[in-house]
Amino acid sequence: MDLTFFIFLSSGLFLGWSLGASDASNIFGTAVGTKMIKFRTAAIISSIFIIIGAVFAGSGTSQTLGQLGSINTLSGAFMSALAAALTIYWMVELSMPISTSQAIVGAIIGWNFFAHKPTDISILSKIVSTWVFCPILAGITAVILYWLTKKLVNKANLHLLRQDCYTRIGLILAGAFGAYALGANNIANVMGVFVTSSPLQSINIADIITLNPTQVLFLIGGMAISSGVITYSRKVINTVGNGIMKMSPLMAWVVVVSQSVVLFLFASQELQQFLSSHNLPTIPLVPVSSSQAVIGAVVGIGLLKGGRGINWCLLGKIAISWVITPLIAAIVCYFSLFFLQNVFAMEVYK
């Protein structure tokens, strides 16, 4: 295998590490913040299920990013992923749970401008609309789920210790589902730009599972995301777990489930095929922001409880970071491509 590919792939691995460092907060941030689950336990569960989701359910959203911009050289893919990764890393340093989807979309548009390639406005509109719809849907889901769960808990009249035990189990199961959904939905953000130019071949694992070239690429990306979860996610986990609003363990469970459901809806090819076969409106396969989903869920519950416990100042800073993230990524990508082409004489587009 050409060593050059893995050198260029390093930026995608850095992007995956950055995503893991940032977005693990969206899976277990509320659970760790409420002291219901230890960080180490959360990191291990997240890592395993992120890889499973990425390998076996990540192809749908990668097709959408490919339609937005098909980066056709390894050096172009390298710089696009690096621009997104640097943007995310800077935001993580500020403890801001930003949108990885926005960063990679901004970088792809930066490449499109530099390569004089058209940006499909219909695909871009579909992706941008999810940036608005995703947190709203998560908020609505959280409100409904919290109301129903509260009713059931009150009706069951469980002893406090038993309720605590059930909540911990529920948080672990919800976190595993959330990690799977994150891997399935967001692996396209990490490895999508390399799909077209990847030279990887299919592999067979113990004569049991055969992975196609794209799945092999996504396996590598999933491992990079997991490494970010384990090594550098604690800071942002504390921001989401405690910073926006103080939450009870029950509220934490509702938030995790709500964001997991939203990510799954936008990543499930099976669901899209089912809806299409029954002549029902389909949900686009788009890599949505898990950060936006979890914060939308937190705010939804906060508004249900009157809105007094929400840290509106922090929320405003996070909203600003969402606005500037794609702009920064696009600008960094554009000028980095110019540097790569003119200083190192590399072909960044065909």
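Modeller: Here is a short walk through selected residues, ring pairs and a surface patch.

Biologist: What kind of model is this, and how are residues numbered?

Modeller: It is a predicted model, where local features need pLDDT of at least 70, side-chain atom pairs count only at pLDDT 80 or more, and totals for chains, interfaces and linings use all residues. Residues are numbered from 1 along each chain as its sequence is written, and side-chain values use heavy atoms, with hydrogens and water left out.

Biologist: Start with Ser47. Where is Ser47 placed?

Modeller: Ser47 sits in helix H2, residues 39-57. Helices are DSSP runs of H or I with at least four residues, strands are E runs of at least two, and both are numbered from the N terminus.

Biologist: Buried or exposed?

Modeller: Ser47 counts as buried because its relative accessibility is 8%. Buried means under 20% relative accessible area, exposed means over 50%, and partly exposed is in between, with a 1.4 Å probe and protein chains only.

Biologist: What does Ser47 touch?

Modeller: Leaving out residues up to four places away in sequence, Ser47 touches Ser226, Val229 and Ile230. Contact means heavy atoms within 4.5 Å.

Biologist: And helix H3? Which of its residues are buried?

Modeller: H3 spans residues 59-68, and its buried residues are Gly60, Thr61, Ser62, Thr64, Leu65 and Leu68. Their cover includes H5, H6, H7, H8 and H11.

Biologist: What about Asn279?

Modeller: Phi there is positive too: Asn279 is near 55 degrees. Asn279 lies in the loop between helix H11 (269-277) and helix H12 (290-304). With 72% relative accessibility, Asn279 counts as exposed.

Biologist: Now the rings. How many aromatic pairs are there?

Modeller: A search of the whole structure gives ten aromatic pairs. Rings of Phe, Tyr and Trp (its six-membered ring) pair if their centres lie within 6.5 Å; planes under 30 degrees apart are stacked, over 60 edge-to-face, and the rest tilted. One of the pairs is Trp17 with Tyr232, which is tilted, at 5.3 Å centre to centre and 35 degrees between the planes.

Biologist: Why does that pair tie parts together?

Modeller: Trp17 is in helix H1 (residues 3-33) and Tyr232 in helix H8 (residues 213-232), so the pair ties together parts 215 residues apart in sequence. Tyr232 is partly exposed, at 27% relative accessible area.

Biologist: And Phe177 with Phe264?

Modeller: That pair is tilted because the ring centres are 5.7 Å apart and the planes are at 55 degrees. Phe177 in helix H7 (residues 160-191) and Phe264 in helix H10 (residues 249-265) are 87 residues apart, so the pair links distant parts of the chain. Phe177 is partly exposed at 30%, and Phe264 is partly exposed at 32%.

Biologist: Which rings form a cluster?

Modeller: Ring pairs link Phe114, Tyr334, Phe335 and Tyr349 into a cluster.

Biologist: Last one. Where is Ile209, and how accessible?

Modeller: Ile209 is in strand E2, residues 209-211. At 34% relative accessibility, Ile209 counts as partly exposed.
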